[in-house]
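Please look at the structure below with this briefing beside it.

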Amino acid sequence: MRVSDKTAYIYLFLTMTFWAGNSITARMFADDLPPLQHAFWRWVIASFVILIIFRPPLKRDLPIIWTYRWPVFWIGTTGIGAYNTLQYWALNYTTVSNVGLLQTTLPIVLCLLEWLVFKEKITRTQMLGMMVATIGVGVVLIKANLVNLLHLSFNFGDLIMVGAIFVYGIFSLLIRYSPKQVNQWSFLWVLFVIGALELLPLQLLEYQAGYRMNLTIGPILGLSYIIIGPALLAYKFYTSAVLTLGATRTGLFFYWLPIASVILAIVILGEPLQIYHLIGFVLVVFGLRLGLAKKEG
């Protein structure tokens, strides 16, 4: 599943852009696609797509995956079942802006966890890159107005989102323990099945609470995008990138996620382009360039 560094960078830009598109799609069809039901069916349908189109050699790979069953189980649980559930739970109590602000800590969390577990060192240039990129994202989130920073408030939902971020950090580290000798689509199929099974009771509770999917042409197209981009392609790209670059360098690309969300909102939703968007974009790109510099010495 390893690729060249250049390919991994392309994969990560595409992954974050797909995930940004996921939030835009969810916003567009919020009334038509209840979050837990759409998350559940996203993984169920993605699993069937893998079986139908990619035809992974599951018969050969399943015995190997079974040998690694506990690492695979926890990879699927942290990266799909638990993270999705915690994020949607958090959004019941907090704002999208707060979630976006907290997500900027993901690169730092990944760096800290990789240092604690694998003793990976971070360079001064990488630290500077993180600082610059964090400032860039902050400029966009507070609209280059410090007064907006004073109006930020935090609540129970933000604590849940902090937990979700640490869970995703653990997922990124656990990818190192995935079975290397199996077909990647076999591996992803198992992860998607684990996530779907864990989301099954939660989406049933949501259904019993009266929430229903409205599957007209718009929501169907939106769900199709969520399955193809943010699920199938993004998870393939992300797992390959983590194995190639490690968690710290991979984590830097999470700074691109809110910027990509803004760009897509401008292009798709017609939101106005502001000068602070351009400032944030330049700072994030510069921060990424610093953070991806070769290690010192």
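In this predicted model, the axes of H10 and helix H11 (residues 217-245) come within 11 Å and cross at roughly 115 degrees.

**H10 with H11**
- H10 passes H11 in a right-handed crossing, and the contact is made on the H10 side by Gln184, Trp185, Phe187, Leu188 and Phe192, and on the H11 side by Ala231, Leu232, Tyr235, Lys236, Thr239 and Ser240.
- Sorted by type, the residues of this contact are seven nonpolar, three polar and one charged.

**H10 with H4**
- Helix H4 (residues 69-90) and helix H10 (residues 184-208) have axes that come within 8 Å and cross at roughly 45 degrees, and the two helices are therefore oblique to each other.
- The crossing in which H4 passes H10 is right-handed.
- Residues of H4 including Val72, Phe73 and Ile80 meet residues of H10, among them Phe187, Val190 and Ile194, and the contact as a whole divides into 12 nonpolar, five polar and one charged residue.

**The second largest pocket**
- The second largest pocket has a volume of about 240 Å³, and its lining includes Leu62, Arg69, Val72, Phe73, Val190, Ile194 and Glu198.
- The lining residues divide into 10 nonpolar, no polar and two charged.

Key
Residues numbered from 1 in each chain as written. Predicted model: local features only at pLDDT ≥ 70, side-chain atom pairs only at ≥ 80, totals over all residues. Heavy atoms only, no water. Axes fitted to C-alpha atoms, helices over the stretch in contact; angles between N-to-C directions. Helix = DSSP H or I, 4+ residues; strand = E, 2+ residues; numbered from the N terminus. Parallel < 35°, antiparallel > 145°, perpendicular 65-115°, else oblique. Left-handed = near helix turned anticlockwise from the far one by under 90°. Contact = heavy atoms within 4.5 Å. Nonpolar A, V, L, I, M, F, W, Y, C, P; charged D, E, K, R; others polar. 1 Å grid on protein atoms, 1.4 Å probe; cavity = no way out; pocket = protein on both sides within 12 Å on 5 of 7 lines; lining within 4 Å. Points joined across faces, edges and corners; volume = space filled by probe spheres on them.
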